[in-house]
Amino acid sequence: MSAFLSEYIKFIALYFKSKDVVVFNGLVGLGTMVGQTAYNILAFQCPCLPKKNYLYGLTAIGVPALALFVIGVMLNQNTWDIVSECRSRRCRKISLMAAFALLGSIVGRAVVAPVTWTVISLLKGEAYVCAFSEFMNPSSLDGFFSTAPGPDIMARFPCKDVPAPFINHTAEVERQLKYESQLLGWLLVGIISLAVFVVLCLKNCFSPLGYQQEAYWSQYCSSEQALFQRTAEVHAKYHAAENVKSFFGFVALESQEKQLLADCKGIKSVIPRLEWNRVTGVYMYRETDETPIYSRLNKWAMYTNEHEC
């Protein structure tokens, strides 16, 4: 039962990752929103001290967003495709279009979580109130202060620990700062939405593929990746079984594994490094003169254009 649940969870994760990028990004954003809310409830504690509020508030907004961005880049397979390409060929023959497409894919998926964290932080406004309370000009609040408080007192407003003459103005100070924070948050949402729309328009304008071709290509890439992973798992298991059998004289396999490995006819014992480079690099190369040919994307566009009815 546990093995079935494990395989089912792996299948669901693979489906969301490779079949529907929008759903996967939505789940990432939802998870980030839950994490940010939990952080505000359980861990966020403004120091309410001059010069420390600013650092603490901006750190609460920026550092988790940066960490989420780095994690997103690390978990993207395209990142390691570029690293492998630069390591093997020092990026001398990478197509500008292929590099731009890969970098766009990496950055586009990696910014979902940090942008969500930043936007939710600004819309809630707690970190912004903590960071900028000491810099707020009391004169902007008409008639609220007969005696203008200094930064030391203004820094204490997020904790509502202020002298008695100013205690009644705590809500107004917080309201003003949250207004600024939420305004920045919605402006950020609008700017990012416009930027995404422009990027998608440019992508469709300059893409060598038509709409139906690109849909087919997405399906092909998903199918190829799934088949490659399953085949690589069986290939690795086959050679692991052969090595264990050569050491012990036998290997303990389940009935399904025996049947699966028995069907592996004509399996390659060793895969040359050049063939690995073809599937791990950004570009495909000829074996003879190392002259770069079309990338898979451009090659498919060329093929479909030549065979249109």
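I take buried to mean under 20% relative accessible area, exposed over 50%, and partly exposed in between, with a 1.4 Å probe and protein chains only.

**Ground rules.** I am working on a predicted model, where local features need pLDDT of at least 70, side-chain atom pairs count only at pLDDT 80 or more, and totals for chains, interfaces and linings use all residues. I number residues from 1 along each chain as its sequence is written, and side-chain values use heavy atoms, with hydrogens and water left out.

**Disulfides.** I looked for cysteine sulfur atoms within 2.5 Å of each other, the cut-off for a disulfide. How many disulfides does the structure hold? I found 2. A disulfide is a covalent bond between the sulfur atoms of two cysteines.

I took C46 and C130 to begin with. Their S to S distance is 2.1 Å. The link is right-handed, with 80 degrees about the S-S bond. C46 sits in the loop between α2 (21-42) and α3 (52-74), and C130 sits in helix α7 (residues 126-132), so this pair ties together parts that are 84 residues apart in sequence. For the element names I use DSSP runs numbered from the N terminus: helices are H or I of at least four residues, strands are E of at least two. Are C46 and C130 buried or exposed? Both are buried.

I then turned to C48 and C159. Their sulfur atoms are 1.7 Å apart, and they form a disulfide. This link is right-handed, with 95 degrees about the S-S bond. C48 is in the loop between α2 and α3, while C159 is in the loop between α8 (151-154) and α9 (170-206), so the pair ties together parts that are 111 residues apart in sequence. C48 counts as buried, because its relative accessibility is 7%. C159 has a relative accessible area of 38%, so I log C159 as partly exposed.

I checked C201 and found C201 in no disulfide; the nearest cysteine sulfur is that of C205, 6.3 Å away. C201 is partly exposed, because its relative accessibility is 31%. C205 is also in no disulfide, and its nearest cysteine sulfur is that of C201. C205 has a relative accessible area of 62%, so C205 is exposed.

**UniProt record.** I looked up "transmembrane region". The unreviewed UniProt entry lists residues 21-42, 54-75, 96-117 and 183-202. UniProt positions are in the numbering used here, feature names are shortened, and annotations may be inferred rather than shown by experiment. I checked residues 54-75: the span is 95% helix and 0% strand, with its end C-alpha atoms 32 Å apart. Residues 183-202 are 100% helix and 0% strand, and the end C-alpha atoms lie 29 Å apart.

**Nonpolar cores.** I count as a core a set of buried Ala, Val, Leu, Ile, Met, Phe, Trp, Tyr and Cys residues joined through side-chain atoms within 4.5 Å. The largest has 18 residues, and F44, F157, V173 and L177 have the most contacts inside it. Which elements give two or more residues to this core? They are α3, α7, α8 and α9. Helix α7 gives the most, with 4 residues.

I followed V173, which lies in helix α9. V173 counts as buried, because its relative accessibility is 2%.
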